[in-house]
Amino acid sequence: MTAATPAATVAPRATTGARSSRPRRFAFSCVCFGIGAVYLIPLAWTLSLSVRTNTDVFSNRIVPHSFRPANFSDAWSQFGLGILFEHSAIITVGTVVLAVLFSVLAAYGFSRYRTKMSEVVFIAILLGLMVPPAGVIIPFFVSMRQLHLYDSLLSVIVGETAFALPLGILILRGFVDSIPVDLTDAARVDGATDWKAFWYVVFPLLKAPIATVALFTTISTWNGFLLPLVLLHDPQRSTLTVGLSRLQGQYGALNLELVSAAAILAIIPILVVFVAARRYYVQGLSAGALKQ
Amino acid sequence: MQHRRARAGAIFIAPAAAFFSVFLLFPIVAVILLAFTSWNGFNIDEIAWSGVDNFRQLGSDDVFSTALGHTVIFVAVSTVALNVFGLLFALLINTRVRGHDFLRVAMFLPLGLAPVVTAILWQQILGPYGMVNTLLIETFHVRTTPIGFLGDPDVALWTVITAAVWQYSGFNMLLYYAGLQSLPMERLEAASIDGAGAWARFRYVTLPFLRPVVAVVVVLNLIGGWKVFELVYVMTSGGPDRATEVLSTYLYQQAFSFNAVGYASSIAVVIIALATISALMRGRLAGETV
């Protein structure tokens, strides 16, 4: 049920591994560390900028000659990061709650009450996976304005939820399909209603895939840009991503160290979540992409 | 009984279906309709049908063809690079040599970042005071003036592509790595008993086995590629002198700076069409004969 990551369960040794000579394995090792280091350079460089003094940033030095952690508190107060964090957090939590709720219910419906009609709706929703946000942003903006939801966090929440639903339903339906029908039938024989069969029998078995869907939705929403850019009026009171893009444009040339500090602050929460829950991410990738 | 079941199912599906219809399906239909109108985006009563005028205008708009060309280059080059790096590094990690976990984590981290953050990180690496120019000028003295990674029209698009490949190659690596875990060992062993070298085993056993995975991954890369917006918007805003303009940034400018909503909608239709065509290619790429 709770399929562990492929890496953890699959024993067979790698193809080149067992046979390879020691010098070759050493060379592969070096390549791993080398390329890995290259991948980390952008993060490391911005981190190093974020703790320098302003003069040190523009001193043309690779290694910092100063240490100024106060950049973080300065960036926080000068750039008004508090409100941006708050907005990003509200939008992310709201979207995760709606997306998880709707996709669990729909996945259960699609799996257990299958009709020709429901399969058509299922396919239609899956097609939503390939809709580029830029393609629909114009009508989206117009509808929100007509509904008087323009410049409200709610408009971003419903938009992000719509984009999160297809993947959520796809991942969750796969899991519901794998739960034996006998389980829910037994509950029904015992007199449980449809709703009770779902809530007491199926729902508790879905914790892992729900965590996966919540993680994917958290990442895409926290990192989302086009919807808040278009739907929220004032970039200073928008989300972190929109705020950061404004800061980079406005202060990127003069106060690189503060912009770097702001960027580091913005990515800490999401990277912590991402790394802590990476198991679910990998599961979701396999469930979402490879089983299609 | 059938009816009751269908109705019970509909109740579970309804919230998602309603949401989907209102906030995704309706906008798609609406944008296609708007593409055949002329409208400044303010008063709904002023929407006027204009037939295929917008599409005719696209045909003679040099900026549009430039943006389309850049988007195609971006999608093609990044898809090739993502798959080469993704597969190569998945194979490397699959050797399980010391350091494979380090590489895996290092490639994984960028996937959690906002494209906006990626754009900022790469601006700071490649900007005039960035790390690379500092190294070239101050440390190695190989140049006296900074390279305009973002300011030189001949280079800027490649800088954006580099940032995109940095961010997403971990995605391909993870999927290929997952695919490699179910590689049929007995076939590989049979091949090597028959005297096949490492390259032959890869070419004739591993690669054909991975083909369905490659098909899915390539399609996901293509669809993701057509979506590119914030990397360009934040790094270069389409400049210098339109050198990095892509379809989505041009659409954004037409819709929200010039209020040419009808015209921008026709660009949106082009983006949706490109994504749809990419999605339909999966079966063919996988070699399915359906």
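The model is predicted: local features need pLDDT of at least 70, side-chain atom pairs count only at pLDDT 80 or more, and totals for chains, interfaces and linings use all residues. Residues are numbered from 1 along each chain as its sequence is written, while chains are lettered from A and ligands numbered from 1 in the order in which they are written. Chain A has 15 helices and 0 strands. Helices (H or I, at least four residues) and strands (E, at least two) are DSSP runs, numbered from the N terminus.

**Chain A overall**
- The C-alpha trace of chain A spans about 75 × 65 × 30 Å along its principal axes.
- Of the 292 residues in chain A, 48% are buried. A residue is buried with 20 or more other C-beta atoms within 10 Å of its own, exposed with 12 or fewer, and partly exposed in between; C-beta atoms are placed from the backbone.
- Among contacts in chain A with a separation of 6 or more, 75% join residues 24 or more positions apart. Contact requires C-beta atoms, placed from the backbone, within 7 Å.

**Domains of chain A**
- Chain A is divided into domain 1 (6-72) and domain 2 (74-290). Domain bounds come from an automatic or database domain assignment.
- The centres of the two domains, taken over C-alpha atoms, are separated by 30 Å.
- Their contact takes 10 residues from domain 1 of chain A and 12 residues from domain 2 of chain A.
- On the domain 1 side, α2, α3 (54-57) and α4 (70-78) of chain A each supply at least two residues. The largest share, 4 residues, comes from α2(A).
- That side has 5 nonpolar, 4 polar and 1 charged residues. Ala, Val, Leu, Ile, Met, Phe, Trp, Tyr, Cys and Pro count as nonpolar, Asp, Glu, Lys and Arg as charged, and the others, Gly among them, as polar.

**Contact between chains A and B**
- The contact takes 83 residues from chain A and 81 residues from chain B.
- Helix α2 (residues 22-50) of chain A gives the most to the chain A side, with 16 residues.
- The chain A side divides into 55 nonpolar, 24 polar and 4 charged residues.

**Largest nonpolar core**
- The largest nonpolar core holds 181 residues; Ile138(A), Ala262(A) and Ala16(B) touch the most other members.
- Helix α7 (residues 156-180) of chain B gives the most to this core, with 17 residues.
- Domain 1 and domain 2 of chain A each supply at least three residues of this core.
- A nonpolar core is a set of buried Ala, Val, Leu, Ile, Met, Phe, Trp, Tyr and Cys residues joined through C-beta atoms within 7 Å.
- Beyond its neighbours within four places in sequence, Ala16(B) is in contact with residues including Phe102(A), Leu105(A), Ile125(A) and Ile169(A).

**Helix α13 of chain A**
- Helix α13 (residues 240-251) has 12 residues and reaches 15 Å from its first C-alpha to its last, close to the 16 Å expected at 1.5 Å a residue. The expected span is 1.5 Å times one less than the number of residues.
- Its buried residues include Leu240(A), Val242(A), Leu244(A) and Leu247(A).
- Their cover includes α5 (81-112), α12 (226-231) and α14 (256-276) of chain A, together with α5 (115-126) and α10 (230-235) of chain B.

**Asp56(A)**
- Asp56(A) is found in helix α3 of chain A.
- Asp56(A) is partly exposed because 19 other C-beta atoms lie within 10 Å.
- Leaving aside neighbours within four places in sequence, Asp56(A) is in contact with Arg61(A), Pro64(A), His65(A) and Ser66(A).

Terms used. Contact = placed C-beta atoms within 7 Å.
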